[in-house]
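Hi,

Here is the structure I promised to pass on.

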Amino acid sequence: MTKILFVCLGNICRSPIAEGIAKKMAKEQNLNYEIDSAGMSSFHKGATPCENSQIIASNNGVDISTQRSRPFMHKDVKYYDYIVGMDSMNIADLKGRGVKNPIKMGDFGYDGENVPDPYLYSGFLGFEKVYEMIEKSMKDFIEEIEKKS
Ligand code: 4NP
């Protein structure tokens with residue numbers, strides 16, 4: 001069993017999409033993964049994914065509506081085999097919380113680019129970009145970790 005945690009700031013926009021896509025791909029490829037997501041802030045604890053994330057996921061056949069935001073916890077550091085952040089701030093925060101080798105989503109297929117915080121975008125376009133980026137990166141990420149296992 002490979003355990004993977006996706007992390008962003010609020011755990012309402014980007015990492016819920018990552019969790020949804022990873023679960024879908026794992027199911028399609030029959031991979032024995034335990035997958036979750038968390039936020040570096042506890043600001044939105046208990047909240048459902050933001051509406052635009054739910055819509056873009058649903059448009060792509062991924063239901064993320066049952067997810068609830070939860071903060072990153074100290075026990076996550078040891079529990080997960082891979083902890084994947086969406087931007088350089090997440091990576092810095094994870095290191096500060098004791099994660100030795102956090103992985104950056106954009107290191108897979110995007111030369112280390114940040115998955116942009118869609119809070120900073122207006123409208124739906126930012127979410128389409130975020131979805132496309134995470135989907136492409138996820139394919140490469142899964143391929144890479146499967147090579148290792
Ligand atoms: P996320 O997006 O990190 O992709 O879930 C954000 C959600 C909320 C905030 C920032 C980013 N916020 O500052 O409340």
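**Contacts of the ligand**

Asn-11 has a polar backbone atom 3.2 Å from a ligand oxygen atom, and Arg-14 brings a polar side-chain atom to 2.8 Å from an oxygen atom of the ligand. On its own the ligand has 350 Å² of accessible area, and the protein covers 87% of that (Shrake-Rupley method, 1.4 Å probe).

Before you read on: this is a predicted model, with local features needing pLDDT of at least 70, side-chain atom pairs counting only at pLDDT 80 or more, and totals for chains, interfaces and linings using all residues. Residues are numbered from 1 along each chain as its sequence is written, and side-chain values use heavy atoms, without hydrogens and water.

So where does the ligand sit? You'll find the ligand in the largest pocket (more than half of its atoms lie within 2 Å of the pocket's grid points). A pocket is an open set of points on a 1 Å grid over the protein atoms alone, where a 1.4 Å probe fits, with protein on both sides within 12 Å along at least five of seven lines; lining residues have an atom within 4 Å of a point. Ser-41, Phe-43 and His-44 are among the lining residues of the largest pocket.

Cheers

Technical notes. A polar contact is a pair of N or O atoms within 3.5 Å; within protein, one must be able to donate a hydrogen and the other to accept it, and residues adjacent in sequence count only if both atoms are side-chain atoms.
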